[in-house]
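Welcome, and thank you for taking a look at this protein with us. Please have the sequence and the structure side by side, and we will walk through them together.

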Amino acid sequence: MDVGIIMGSQSDWETMRHAASILEELGISHEAKVVSAHRTPQRLYDYATGAKARGLKLIIAGAGGAAHLPGMAASMTPLPVLGVPVESKALSGLDSLLSIAQMPGGVPVGTLAIGKAGAINAGLLAASILALSDEALAGRLDAWRAAQTESVGERPE
């Protein structure tokens with residue numbers, strides 16, 4: 001397994017499934033788990049501290065509201081952690097974005113955009129990181145980007 005996708009609650013899957021979809025499209029092995037920083041702290045500890053030993057190369061963590069999951073995971077693993085702010089009801093995800101982006105020096109979390117766009121970009125950023133040491137993946141990523149470019153028409157219809 002190359003990438004772990006974790007989220008704070010089942011409802012976050014609506015956003016995080018877009019990261020999984022990109023990884024599937026690019027042929028990157030991954031797993032998805034519900035791991036709440038607040039409601040399942042032991043599950044989070046076990047997941048983050050054991051991630052590297054289980055063969056994961058990076059973690060994508062999505063969380064809404066207080067959004068502690070990405071930062072807490074990053075504090076317990078040497079692996080890169082990409083944080084996806086899940087849109088919240090209270091502040092439309094701005095609270096999540098600020099919580100994930102305001103990590104103290106020494107505990108980095110790569111923070112993406114709020115919601116679906118952030119999840120898609122987390123999958124693509126994960127692919128870019130993994131492609132540094134995987135030529136076949138680099139070729140698939142180049143082809144994906146070329147197809148995206150070709151899909152943009154020159155004139156409106």
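Buried here means under 20% relative accessible area, exposed means over 50%, and partly exposed lies in between (1.4 Å probe, protein chains only). In a regular strand, side chains alternate between the two faces of the sheet. Strand S3 covers residues 58-63, and because six of its six residues are buried, it is largely enclosed by the rest of the structure. Helices (H or I, at least four residues) and strands (E, at least two) are DSSP runs, numbered from the N terminus.

Before going further, a word on what you are seeing: this is a predicted model, in which local features need pLDDT of at least 70, side-chain atom pairs count only at pLDDT 80 or more, and totals for chains, interfaces and linings use all residues. Residues are numbered from 1 along each chain as its sequence is written, and side-chain values use heavy atoms, with hydrogens and water left out.

Now look at the strands around S3. Five strands form an open sheet with parallel pairing, in the order S2-S1-S3-S4-S5. S2 and S5 stand at the edges with a single partner strand each, so one side of each is left without a neighbour in the sheet. Two strands count as paired if DSSP finds at least two bridges between them. Strand S1 (residues 3-7) pairs with S3 in the parallel sense over five bridges. You can trace this pairing by eye: Val-3 has Leu-58 as its bridge partner in S3, and Ile-5 has Ile-60.

S3 is also joined by five bridges to strand S4 (residues 81-85), and these two run parallel. Here Ile-59 finds its bridge partner in Val-81 of S4. To get from S3 to S4, the chain passes through helix H3 (residues 69-75), and this β-α-β crossover is right-handed. Right-handed means that, with the strands pointing away from the viewer, the path from the first strand over the helix to the second runs clockwise.

Next come the helices. In H2, the residues Leu-44, Tyr-47, Ala-48 and Gly-50 are buried. The cover over the buried residues of H2 includes S1, S2, S3 and H3. Contact means heavy atoms within 4.5 Å. In helix H1 you will find His-18, which counts as buried at 12% relative accessibility. Leaving aside residues up to four places away in sequence, His-18 touches Lys-116, Ala-119 and Ile-120.

Leu-112 has a relative accessible area of 14%, so it counts as buried. Its contacts, again without residues up to four places away in sequence, include Leu-82, Gly-83, Pro-85 and Leu-97, as well as Asn-121 and Leu-125. For a sense of scale, Leu-112 and Ser-133 are 21 residues apart in sequence and 23 Å apart in space, C-alpha to C-alpha.

How many salt bridges does the structure hold? There are three, a salt bridge being a side-chain nitrogen of Lys or Arg within 4 Å of a carboxyl oxygen of Asp or Glu. Asp-2 and Lys-57 meet in one of them, at 2.6 Å from N to O. This pair links distant parts of the chain, 55 residues apart: Asp-2 lies in the segment before S1, and Lys-57 in the loop between helix H2 (41-50) and S3. Lys-57 is partly exposed, at 43% relative accessible area.

Arg-54 and Glu-31 also form a salt bridge, at 2.7 Å from N to O. They too link distant parts of the chain, 23 residues apart, with Arg-54 in the loop between H2 and S3 and Glu-31 in strand S2 (residues 30-34). Arg-54 is partly exposed at 41%, whereas Glu-31 is buried at 12%. Glu-14 pairs with Arg-17, with the closest N and O atoms 3.0 Å apart. Because Glu-14 and Arg-17 are three residues apart in helix H1 (residues 13-25), about one helical turn separates them.
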